[in-house]
Amino acid sequence: MDDTRAWVRGEIDGEWLEARVVSRDADGGATLETLSTKEQSTAKAEELLLANELPEQGVEDMTRLNYLHEPALLNNLRHRFALDHIYTYTGKICIAVNPFNWAVSKPLYAESLLVKYRAKEFGQLPPHVYAIADRARRMLISEARDQSIVVSGESGAGKTESCRALVTYLAHHSRRESGALADALIAANPVLEAFGCAVTVRNRNSSRFGKLMK
């Protein structure tokens, strides 16, 4: 038995359980023992999903993980979420995990951060939705080409709040009256959200439509 760790599917859809490699065969496959249940299973070489050794704060950009697969991504997100790091990059994509806690989310949108992320190279500062907004703003100026930011996710994931943060950042750094522009765009959100919403098991105010802000 070695100390190599891997992932095996749990009984619940989307669940992954950590396991240790008990033995390996000549073809590269392995016998695994799940840490929580002690159950054993086998995996072919091409099916073996090895686990990453994460640093204390997790990995900010998941393209840098040694092993890149579904359980590896989920484990890193879970690890960072437990430390109140709700933003994590995957290349140029910013993944947000809803903290469901205003005490956590409020400092993330402090006014000082609107200035801190301005004109910074992508990845220079910790992952943040402001970095996505600033990259689009800088490319709009430097390349003189229209830019788009797509916000996607399940019901209750925090898409509306992410849009609010993006609009606030872009309006703050526009050449117009930033305060009035931001207020006007953000004030339009409740009106837009009033159409086509429904109560679901995950969210009492679930949007049933797509929304475009220009």
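Visitor: Which element supplies the largest share of the largest nonpolar core?

Guide: The largest nonpolar core of this predicted model has 18 residues, and those with the most contacts inside it are Y117, V129, Y130 and Y169. At least two residues of this core come from each of β6 (87-90), α2 (102-108), α3 (111-116), α4 (129-143) and α5 (159-172). The largest share, 5 residues, is supplied by α4.

Visitor: Which residues is Y169 in contact with, leaving aside its neighbours within four places in sequence?

Guide: Y169 is among the residues with the most contacts inside the largest nonpolar core. Once its neighbours within four places in sequence are set aside, and with contact taken as heavy atoms within 4.5 Å, the residues that Y169 touches are L113, L114, Y117, R118, Y130, A133, D134 and R137.

Visitor: Which element gives the most to the lining of the largest cavity?

Guide: The structure holds 1 cavity of 30 Å³ or more, and the volume of the largest cavity is about 50 Å³. Its lining is made up of Y89, Y117, K120, E121, G123, Q124, L125, P126, A131, D134, R135 and R138, which by class are 5 nonpolar, 2 polar and 5 charged residues. With 4 residues, the element that gives the most to this lining is α4.

Conventions. Residues are numbered from 1 along each chain as its sequence is written. This is a predicted model: local features need pLDDT of at least 70, side-chain atom pairs count only at pLDDT 80 or more; totals for chains, interfaces and linings use all residues. Side-chain values use heavy atoms; hydrogens and water are left out. A nonpolar core is a set of buried Ala, Val, Leu, Ile, Met, Phe, Trp, Tyr and Cys residues joined through side-chain atoms within 4.5 Å. Buried means under 20% relative accessible area, exposed over 50%, partly exposed in between (1.4 Å probe, protein chains only). On a 1 Å grid over the protein atoms alone, a cavity is a set of points where a 1.4 Å probe fits but cannot get out, and a pocket is an open set with protein on both sides within 12 Å along at least five of seven lines; lining residues have an atom within 4 Å of a point. Grid points are joined across faces, edges and corners, and a volume is the space filled by probe spheres set on the points. Ala, Val, Leu, Ile, Met, Phe, Trp, Tyr, Cys and Pro count as nonpolar, Asp, Glu, Lys and Arg as charged, and the others, Gly among them, as polar.
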